[in-house]
Amino acid sequence: MGTNRDNLPSSDEFLPKSLFVLIVDGDAADGEGTQAALARLGVGSDCCENEAQAMELVRLHHARRQEYDLMIVNRSLPSKSGTEWIGEIRALMGETPTVIILTDDNESGGASDAKTAGADVFMKKPLSAEDVLQEYQRAARRKNPKPSPASAQSALDGRRILIAEDMTVSAEIVKQLLSMHFMEVDHAENGKEAVDLFLNNPPGHYDAILMDVRMPVMDGLDAAKAIRASSHPDAKTIPVIALTTNHLDEDVQHSLAAGMDAHLEKPVEPDQIYRTLAELIEKKE
């Protein structure tokens, strides 16, 4: 599983084992060959044959904030072109991850089309794993680094966060983490109380909601659904983030289906909470 890094790699600090890759290739043999070549260099990867499978993997990892660092996408996919699919990825994730478009043809306009769609690199088959890593490093150096934890924390000063958590100790830990960086915190002891607090306050009162999934009276999934279905002006836009011990792919899918924007697994690293809050609040605004 990949890890979120605060900055893109420099040539001095880049380690292949730190990379996590998604390979999307309708030719299963080619995809598996790329995966095996990367594995020999210590690079972990997922491999799939079409954009529907790829999008599901991307959505699951994005919800967990455990993003792919690199995507290697065949220009020709079963249902749509790779360049068209990359446009959807950019709409979801912005400039990350780095994207390499692959082709086994000699179309002169291929590189231009790929760049227009949001790809960083255009490469032709057969691939060399070493060339892939070299192109990744070059593309990474061209990109702007992600905000540091310090800048994310600064962007959160003065924000009001609603925490829904039935375990008092867990709630106090999260409250302290947020308060350390000048966020204001309200605490609901169950999902129903969280929904009531949200509905009974004016638009803009809360900047985000941190929602435990397993709670008495009303669980976090039902609470998220109730918030999204309400007529409150912020119902569709307020970031709702699951904080949970539920870690299976189907648990992430349930969170997304309920209207959650992210699914963070306990125990959550403080910097991951800060980055996720900063990203989602900025996106909302």
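Let's start with strand 8 (residues 208-212) and strand 9 (residues 240-244), which run parallel and are joined by four bridges. Strands and helices here are DSSP runs numbered from the N terminus, with at least two residues of type E for a strand and at least four of type H or I for a helix. Two strands count as paired if DSSP finds at least two bridges between them. Within this pair, isoleucine 209 has valine 240 of strand 9 as its bridge partner.

A word on the source: this is a predicted model, in which local features need pLDDT of at least 70 and side-chain atom pairs count only at pLDDT 80 or more, while totals for chains, interfaces and linings use all residues. Residues are numbered from 1 along each chain as its sequence is written, and side-chain values use heavy atoms, leaving out hydrogens and water.

Now widen the view. Five strands form an open sheet with parallel pairing, in the order 7-6-8-9-10. Its edges are strand 7 (184-188) and strand 10 (262-265), each pairing on one side only. On average, and ignoring direction, neighbouring strands of this sheet are turned by 20 degrees against each other.

Helix 8 (residues 191-199) lies across strand 6 (160-164), strand 7 and strand 8, and runs at about 135 degrees to strand 7. Such angles lie between N-to-C directions, from 0 to 180 degrees, with axes fitted to C-alpha atoms, for helices over the stretch in contact.

Two packed helices are described by the angle between their axes and the distance between the axes. For helix 8 and helix 9 (residues 220-229), the axes come within 8 Å and cross at roughly 20 degrees. That makes helix 8 roughly parallel to helix 9, a label for angles under 35 degrees. Where they touch, Gly191, Val195 and Phe198 of helix 8 meet Ala223, Ala226 and Ile227 of helix 9, contact being heavy atoms within 4.5 Å.

Finally, visit strand 3 (residues 70-74). Five of its five residues are buried, so the strand is largely enclosed by the rest of the structure; buried means under 20% relative accessible area, with a 1.4 Å probe and protein chains only. In a regular strand the side chains alternate between the two faces of the sheet. Here Leu70, Ile72 and Asn74 are buried on one side, and Met71 and Val73 on the other.

Strand 3 pairs in the parallel sense with strand 1 (residues 20-24) over four bridges, where leucine 22 has methionine 71 as its partner. Strand 3 also pairs with strand 4 (residues 98-103), again parallel, over five bridges, and there leucine 70 is partnered by threonine 98.

Definitions and conventions:
Angles under 35 degrees count as roughly parallel, over 145 as roughly antiparallel, 65 to 115 as roughly perpendicular and the rest as oblique. Buried means under 20% relative accessible area, exposed over 50%, partly exposed in between (1.4 Å probe, protein chains only).
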